[in-house]
Amino acid sequence: MTSTLGPPPPYYENRGFQPEPPYAARPAAGAHPYPQLFPTNPPSVPSYVPRVATHQSTRPAAPPPRRTCAASLRKTIIIILSILIVICCAIAAFFIWYFVENNCLSSLIECGSSGVCMPPSQWCDGVSDCPNGEDETRCVRLFGPNFILQVYSPVSKSWYPVCQDDWNDDYGKIACKDMGYSVDTYFYSRGVPDVSFKSYMKLNTSAGNIDLYKKLYSSGSCASGSVVSLRCIECGLASKSASIMNRIVGGSGAVLGQWPWQVSLHVQGTHVCGGSIITPHWLVTAAHCVEGRLSDPHSWRVYAGILNQDEMLFRSGYKVQLIISHPDYDTDSKDNDVALMKLETPLSFTENVRPVCLPNPGMMFQPNQQCWISGWGAEYQGGKTSNNLNYVAVPLIERSRCNAVYIYNGMILPTMICAGDLAGGIDSCQGDSGGPLVTHHHSVWWLVGDTSWGTGCATPNKPGVYGNMTVFTDWIYKNMQANR
Ligand code: 4AZ
């Protein structure tokens, strides 16, 4: 209600309670009207304007400018703080990930998975610094079908061929020993003309009697124009060449000396699996052959250079000292189906007992490349093991093709390789497992795979599946070296 009598009532602007931000300075008279970011005055107490019931407070309350500025300041601070917290969390997460994934700072190299870190200068210097000597195990390799010796440079993280200048057999023996071979098997070192490389490792002969790797330095030139081709063992020679006759499933009976690396692995006087000789002490077989109670080396006897199973019963065979299964072997998928057997006493090599060559990195096996399998496995699906060693030629099948829906529908992993005839009729079968899949290339027989699995035997569109030896050679050398 509005009065028409008497003097007009006093005018009060009712702004109610006006809170102040805790540390916002109350502007002094005549001072800058905008809020200061950092207080210069002590905090003020809240100011109260008396609440009075008014009848004529008709002027609309103007928006409080101090309140708006303080709120937007607070909002800005909160946004900045949030961004800072997110950045800090991202940095912390990165460091946690870095130290979990890679225990060493970027300039250092971790010794296996031990968590011990070493500077690159201590790798491949001939002195074992890591707890398990990892810094000295992967410093040399043989590359490609010509066995070109390469040395690893941890500084540039790449492999270099060794220049033939001043190289001799003594150095070759050291390099072979470092790969896991015994000096007894050393074959030769020779220069192979090759000027395709831009950088080499060269010997500094004036360096005195120090470790081989300390004597090597990288150089852009190689006077001889030849690089070192190194053979640590005379492998991959057969005294009898394979006839391309076919009769395993669909194979032929072998003759002595044709597959001299083939061994028969017995448990309690019975052939169980095949294997391949790679050195006088070491055999390659399948991990599924040595699973469970068969992982005991005492269970096994090894027969080499004998074609007939009946004949083996009259012999004592070789005892097994050690069995090493691939640590990533998977029973269900047959991923990494490879194992090593070390013999108690070394094999004596003859015309009929010889090693096969392990594939070198840089070797490409072509799709459809002709390979051979051999073994005492069944001659038909569900049959008993054969008395005689059989063999058959099987072309390689490209992985992508073997993984087709109507063939193995994606079950062929990178550790596997398929070989056979999609029409059926030729194949490995029960009892051939662990045995060799080999190819002949550059006058040498190479171990391409170890017999692993397949659906049935010689069934159309279900070829044999073999362990892909190329991906296992690093693991094989590492274990031969660690168990010399
Ligand atoms: C085995 O059980 C086996 N057809 C080996 C090879 C193949 C199947 C079974 C391939 O020893």
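The torsion about the S-S bond of C273 and C289 is about -85°, so this disulfide is left-handed. C273 lies in strand β12 (residues 270-277) and C289 in the loop between β13 and β14, so the bond ties together parts that are 16 residues apart in sequence. The model is predicted, and it holds six disulfides.

**Disulfides**
- The sulfur atoms of C273 and C289 are 2.0 Å apart.
- C273 is buried, with a relative accessible area of 3%, and C289 is buried at 2%.
- C163 is joined to C222 with an S to S distance of 2.1 Å, and this link is right-handed, with 85° about the S-S bond.
- C163 lies in the loop between β5 (158-161) and α2 (169-179) and C222 in the loop between β8 (216-219) and β9 (226-231), so the pair connects parts that are 59 residues apart in sequence.
- Both C163 and C222 are buried.
- C235 and C357 form a disulfide with an S to S distance of 2.0 Å; the link is right-handed, with 95° about the S-S bond.

**Ligand surroundings**
- The residues around the ligand include D427, S428, G431, S433, T451 and W453.
- The shell comprises three nonpolar, seven polar and one charged residue.
- A side-chain N or O atom of S433 lies 2.5 Å from an oxygen atom of the ligand.
- A backbone N or O atom of S428 is 2.8 Å from a nitrogen atom of the ligand.
- Of the 310 Å² of accessible area that the ligand has on its own, the protein covers 88%.

**H288**
- H288 is found in the loop between β13 (282-285) and β14 (300-304).
- Its side chain makes a polar contact with the side chain of D337 at 2.7 Å.
- Among the residues that H288 touches are S433 and T451, both of which are also around the ligand.

Technical notes. Residues numbered from 1 in each chain as written. Predicted model: local features only at pLDDT ≥ 70, side-chain atom pairs only at ≥ 80, totals over all residues. Heavy atoms only, no water. Near = heavy atom within 4 Å. Polar contact = N/O pair within 3.5 Å; in protein donor to acceptor, adjacent residues only side chain to side chain. Areas by Shrake-Rupley, 256 points an atom, 1.4 Å probe, with all protein chains shown as cover. Nonpolar A, V, L, I, M, F, W, Y, C, P; charged D, E, K, R; others polar. Helix = DSSP H or I, 4+ residues; strand = E, 2+ residues; numbered from the N terminus. Contact = heavy atoms within 4.5 Å. Disulfide = S-S within 2.5 Å. Buried < 20%, exposed > 50% of the residue type's maximum accessible area, 1.4 Å probe, protein only. Lists of a residue's contacts leave out its neighbours within four places in sequence.
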